[in-house]
Every structure is written in C-alpha cells, then in structure tokens.
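Thanks for coming, everyone. Please take a look at the screen, and I'll walk you through what is there.

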Amino acid sequence: MADPDGAPDKDETYTDDQIEAGRLLFAGPVDFVMGAARLEQLPEADRPEIAFAGRSNVGKSSLINALTGRKTLARTSNTPGRTQQLNYFDLGEGRLYLVDLPGYGFAQAPKKAVNQWSRVTMNYLRGRPTLKRVFILIDARRGVGEVDKGVMKQLDDAAVIYQVILTKTDKLKAKERDTVMAKALTAIAKRPAAHPVVMATSSEKGSGVEELRAEISLLN
Ligand SMILES: Nc1nc2c(ncn2[C@@H]2O[C@H](COP(=O)(O)OP(=O)(O)OP(=O)(O)O)[C@@H](O)[C@H]2O)c(=O)[nH]1
Ligand SMILES: [Mg+2]
C-alpha cells in the first residue's frame, strides 16, 4: 500500500539495530579528503571504500549529501558533468571512504560514452583493491539504460560487486515506482557481479536514505 504522500513504504529489510548502526556511522564527522584526477593521486588504499557511479545528473552528489545530512558537502548542479574528479570523503574518522565519481553518458552516443567515460574512473573501479561495492545510481524515471548496462558488463568482467540504487523516486507515483523496481530487478537478474537487492531512494524526500546508511554500515 502506498502512503498518501507518495513516499515508499518503510523498508523492512533492516533490523532496528542495523538502522541505528547506519545512523551512528553517518552522525559522526564526514570530511572532504581530496579530488583525484589521476590514479596516482588516489589516497592510500588503507580502508574500505564505496563508490557512487551513474549517469551525469542522476543524483550521485545529492545522495552523498542526503546520506551525510550535509547539503553542500558534495557539489551538486543542474548542469550535467559537474563532478569531474574522483572525490573522496572520509566517514567515521577513518572507517571508510565514500567516493563521488564523475558521471557517464553525458551528451554522447551510448557506446562511445562508456568508452570515453573517463578512462581513469573505469580503471579505478576495476583495480581498486579496497573497493567494497559500487552503487550504480539509476534515475527512476529513466530506468536502466544501455550505458548503464555497458558499465555493469565491465564490472561483471572485473568481478567488482555493484548494487543498483534508484534515485529521484519522489518524481514517480507509487505504482510507477513498483514498475521501475521490477524492471531494474530483471535487468540485474542474470548479472554475476550484481548485488541482488535494488534500493529506492529520494535525496529530496529522504526516503530510502536510512536504509542505505544501514547497508553501508554493513559493508564496513
Ligand atoms: N526531485 C529530485 N531531484 C534530485 C534528487 N537528487 C538529485 N536531484 C537533482 O538532480 C540534479 C543533479 O544532481 P547531482 O547530485 O548534482 O547529480 P550528479 O549525479 O552528482 O551529477 P554529475 O556530478 O554531473 O554527474 C540536481 O538538480 C539535483 O537537485 C532527488 O532525489 N529528487
Ligand atoms: Mg556529482
């Protein structure tokens, strides 16, 4: 049953303790560490890290801000392509890194876009030993596109675990959200490196955010 305000029903997948662990993790300090344009500039791989990937404008930076409760930590914009480096944030004073990645697929043909999508970013995703999971953000209004599938394929080949996160679900009605969710689950069903759970979020309304915090705290 949908809530009258259109918010998704409470996700029952996490226990109260897990939700609390997620809350605590994100209640502490979060600091911008650095922006890396080249792999040599990355910080030492000395702790778990989680990366946020997805098309330009899908809401990666906004989701990091929603998770951390800091509106301007990661720079957001109406202009696709705002994030151009691998931006590192330290969470829980050394517990883990969150990495805000440049978007892919902006104003280019799908195949070409993946090929050109900052080689640095793809090399990072394939080769970072401490990378625990890649969140692949999908705009709930668009669903999983060809460019997303191209990235998933590369991660499958590299055996890097990724999880689909639907964004901007506040823009859809409950029924439409269910359809998008079902389609996303179908899109990942046979993919070897896909985490089998898809999460629905809205940075605007905050829905799904506490569940995502819980999921991240479980990865640490
Ligand atoms: N309605 C709604 N708008 C959102 C949501 N999340 C992000 N947006 C809007 O989407 C636009 C892009 O958000 P960003 O967070 O900058 O997207 P990004 O994926 O980091 O973009 P790049 O860095 O360019 O790849 C901004 O105008 C945000 O306000 C959401 O949950 N709901
Ligand atoms: Mg961004």
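I'll start with the overall fold, then go to the sheet, and then to a few helices and loops.

First, a caution. This is a predicted model.

Now the overview. The protein has 220 residues, and 43% of them count as buried. There are seven helices and seven strands. Reading from the N terminus, the order is α-β-β-α-β-β-α-α-β-α-β-α-β-α.

Let me pick out two of the pairings. S2 runs parallel to S4, residues 96–100, with four bridges between them. Within that pairing, Phe52 has Asp100 of S4 as its bridge partner. S5 and S6 also run parallel, and six bridges join them. There, Leu137 is opposite Ile165 of S6.

Stay on S6 for a moment. Six of its six residues are buried, so the rest of the structure largely encloses this strand. In a regular strand, side chains alternate between the two faces of the sheet. What do we find on the two sides of S6? On one side are Tyr162, Val164 and Leu166, and on the other are Gln163, Ile165 and Thr167. All of these are buried, and both faces of the strand are covered.

The buried ones are Val209, Glu211, Leu212, Arg213, Ala214, Glu215, Ile216 and Ser217. What do they pack against? The partners are helix H1 (16–27), strand S2 (49–54), helix H2 (60–68), strand S6 (162–167) and strand S7 (199–200).

Look at H1 against H7. Their axes are 7 Å apart, and the helices pack at an angle of about 85 degrees. That makes H1 roughly perpendicular to H7. By class, this contact has seven nonpolar, three polar and three charged residues. From H1, the residues involved include Ile19, Gly22 and Phe26, and from H7 they include Glu210, Ala214 and Leu218.

Zoom in on Glu210. Buried, or partly exposed? Glu210 counts as partly exposed, because it has 19 C-beta neighbours inside 10 Å, and the cut-off for buried is 20 or more. Beyond its neighbours within four places in sequence, Glu210 is in contact with Ile19, Gly22 and Arg23. Take Ile19. It is 191 residues from Glu210 along the chain, yet their C-alpha atoms are separated by 6.4 Å.

H4 gives us another picture. This helix spans residues 119–127. Thr121, Met122, Tyr124 and Leu125 are buried here. Seen down the helix axis, the buried residues of H4 fall within an arc of 155 degrees, so they line one face.

Arg119 is worth a separate word. It has 10 other C-beta atoms within 10 Å, so it is exposed.

Last, two loop residues. Asn57 lies between S2 and H2. Its phi is positive, about 75 degrees, although it is not a glycine. Ala159 lies in the loop between H5 and S6. Ala159 is not a glycine either, and has a positive phi of about 55 degrees. Which is buried, and which is exposed? Asn57 is buried, with 21 other C-beta atoms within 10 Å. Ala159 is exposed, with 9 C-beta neighbours inside 10 Å.

That's the tour. Over to you for questions.

Notes:
Residues numbered from 1 in each chain as written. Chains lettered and ligands numbered in written order. Predicted model: local features only at pLDDT ≥ 70, side-chain atom pairs only at ≥ 80, totals over all residues. Buried ≥ 20, exposed ≤ 12 C-beta atoms within 10 Å, placed from the backbone. Contact = placed C-beta atoms within 7 Å. Pairing = 2+ DSSP bridges. Arc of directions from axis to C-beta. Axes fitted to C-alpha atoms, helices over the stretch in contact; angles between N-to-C directions. Parallel < 35°, antiparallel > 145°, perpendicular 65-115°, else oblique. Nonpolar A, V, L, I, M, F, W, Y, C, P; charged D, E, K, R; others polar.
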